[in-house]
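Thanks, everyone. Let me put the structure up, and then we'll walk through it piece by piece.

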Amino acid sequence: MKQWWKEATVYEIYVRSFKDSTGDGLGDIGGIISKLGYLKKLGVDVIWLTPIYESPEADNGYDISNYLRISPKFGTMKMFDRLLKETHKRGMRLIMDGVFNHTSDEHSWFLESKKSRTNKYRDYYFWRNGQKDREPNNWVSFFGGSVWEYDKDTRQYYLHIFSKKQPDLNWDNKAVREEIYAIMKWWLDKGIDGFRFDVINFISKTRSLRDANPSRGKKYADGSKYYKNGPNINKYLKEMNMRVLSKYDIMTVGETAANIEDINATRLYVDSRRHELNMVFHENNEIHSDKKTAEIATLLDKRHDKFKWTLPNLKRTITAWQEGLGDYCWDTAYLGNHDYPRIVSRFGDDKKYRTESAKMLATLIFTLRGTPFIYQGDEIGMTNGDFKSINDYVDIGAINMYNEYLSRHKNGRAYALKILRKISRDNARTPMQWDDSRNAGFSKRKPWIKVNSNYRTVNVEAALKDKNSIFYYYKKLIEIRKGSNTMMYGKYRQVLDKHPDIFAYTRSLGSEKILVLLNFKGKATKFKQHRDVLLNGAELIIGNYPESENKYELRPYEAAVYVICSRHS
Ligand code: NOJ
C-alpha cells in the first residue's frame, strides 16, 4: 500500500555538528532553522533530529534527564516550536529521537529509585543483588566493562546495557510504559511527525538475566541474546501502537540491531498487518561487523582486521533483507549514520574517486526498496575525520575502548589510534562543512569536535556552485525516485550475483523494469550480457559518468541506472 513515509526521503541531523547559531561551538536549533532552505533545495521530506532533550551528555544526548525539556545547549522550547513551524511551512516533516530503553542516571526517576530498595521508583529500573564477589551476571556493556554498576548505599547493582550513565528502564513495569506513552503523546500533540526509536528491540529483557557464555576466557560476554528481541517486545510495541502511535498520521522507525538470522523476528516489527512499527534500521550487522566487534569491546585486538566488509557480504546481506522482509513489510535504505564511519571512507574511495564513489553509494541507497535515509554531510561526500591523538576523540565508546586496550597492551597506543581512525563513531560526527571559512562555516568559535581539514575543498558552498557535484546528484536521485513507482515500490531481484566487483539488481513493477549497476571497484570492470542484463534499447536514467558506448563495462565506481523494459511493451 502507498504511504507518504514510504515515498519520503529522510535526512538525519546530528544536531551538535550541524550548524551553530550562538557561537558556542555546538550546533543548535537556531542553526537548523537557518539551513531549512538548504534541506528543501536538496529535496528532503523528513528531518530526523538526534536527541536535543535535557541531558548530562554522557553519550551525546542519548542519556536523557528530562524528556519534556529542550537542553539549553541547543535552545529553548520556543525555538523548537519555531523550528517545527518553519519545517512544516516548507512542506517538510520532523521526527524526534525516542530514547526509551534507558534514561540518564540523572533523570528524576533514577534519582528516586536509587534512594532506597523500597522507593516507588525502584522497579522502574533493574536492581539486583550481586553474586558472590561479582556482578549479578557477566554481560558486557556496549561501551566496555560490566553492564552492572554497584550502588554502595543500597548495596545492589543496576543494569546498564550502555554506559553506567544510562540505566535501563524496566518495561515490564506497567507504570514505566504509561510514563513513556504519556511522553510520546505530549510530543505528538505538539505536532511532531513521528519517532526514531533508539535500540527499541532491547526493551524486553528475559526475566532471569542469566550469564552469557564467556568468550575466549574474557571476564564479560555478549549477553544480547537475553535482551535482543526479548520475550515481550511485540506485546509492548503493539500496546504502544494501539495506545499512542495509531492515533496520529506519523512515521515510526525503530533501531533494531539485527543480522540475517533475525529476519523473522524483524518481520514481526514491520509487518503492516500487525501494527507495531513502520520500518526499522536492522543495522545489517554483517556489513557493519567491525562496529559490532567494536561495541562488544573486542575492538583493538589484532583480530579486528578480519572484520572488514566485503562486497560479496554486502550483496548477500542487502539481498537477504530486500527479499526476506516480504510484501507486507517495509524497509529502510541507508549505509551510515552517526554511529558509523563515513560511507565514502568505508565503502568507497575517499581520495582519488571520492566524487564517483560517493555518487555510486547514493545510487545504491536510493534504488533499494525502502525509505532512504541520508546522514548529514554524505550529500557532499564528507570523509572520515582526521584525528591525530586520543585527545581529538570525544565519543565515550572510543575513549573507553582505547583505555581498555592500553590497560592490556602498554605499547599499543599507535595501533589503537590507527584502528580508531578507521572505525570510531567520531569519524562521522565532525562538524558539517558549510564553506571554506574558519571552522568550515559551522561556528564562529572552536567547535566541540575537530573540523576535518579537507573543508576547504569539501563544503556545501563549493558543492552548490558545481553542477556536477555530489549534492546535485543526490537531488536528482531524490527527484527520480519520487517520480518512479517502480523505484519506490518495485520488486527487488539481484542479477550478476557472482560478480566479484559489481552489485547489480532489478526493480520491477508491472511491465516496467529498472536495472541498477554499481561498480564497487576503483578499476574498469566488465560483465557479460545475458537474459537478465540486456542493455540494447535500454534508457539510462541516471549515472555518475556520461553515457558510454560500451555498456558492458563499468568505469571505476560507476553507477548506471537503466529502464530496460518500458511500459508499452
Ligand atoms: C544508538 C544510538 O544511535 C547511539 O548513538 C547510542 O550510543 C546508543 N543507541 C545508546 O543510546
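Start with strand S15, residues 502-509, and strand S16, residues 512-519: they pair in the antiparallel sense over eight bridges. Two strands pair if DSSP finds at least two bridges between them. Strands (E, at least two residues) and helices (H or I, at least four) are DSSP runs, numbered from the N terminus. Arg507 stands opposite Ile514 in S16.

Before going on, the ground rules. This is a predicted model, in which local features need pLDDT of at least 70 and side-chain atom pairs count only at pLDDT 80 or more, while totals for chains, interfaces and linings use all residues. Residues are numbered from 1 along each chain as its sequence is written, and side-chain values use heavy atoms, with hydrogens and water left out.

Back to the sheet. S15 and S16 belong to an open sheet of five strands, in the order S14-S15-S16-S20-S18, with antiparallel pairing. Its edge strands are S14 (491-495) and S18 (539-543), each pairing on one side only. Neighbouring strands are turned by 25° against each other on average, direction ignored. Helix H16, residues 470-482, lies across S18 and S20 (559-565), at about 135° to S18. Angles run from 0 to 180 degrees between N-to-C directions; axes are lines fitted to C-alpha atoms, for helices over the stretch in contact.

Next, the other sheet. It is open, with eight strands in the order S11-S10-S9-S5-S2-S1-S13-S12, and its pairing is parallel. S12 pairs with S13, residues 371-375, over two parallel bridges. There, Ala333 stands opposite Pro372.

Now the ligand. 14 residues surround it, and the closest are Asp59, His102, Asp198, His338 and Asp339. Near here means a heavy atom within 4 Å. A ligand oxygen is 2.5 Å from a side-chain N or O atom of Asp59. For His338, that kind of distance is 2.8 Å. For Arg425, an oxygen atom of the ligand is 3.0 Å from a side-chain N or O atom.

Last, confidence. pLDDT is the predictor's confidence in each residue, from 0 to 100. The chain's mean is 93, and 95% of its residues reach 70 or more. Over residues 290-306, pLDDT stays under 50. Where pLDDT is low, the predicted coordinates should not be read in detail.

How values were computed:
Contact = heavy atoms within 4.5 Å. Polar contact = N/O pair within 3.5 Å; in protein donor to acceptor, adjacent residues only side chain to side chain.
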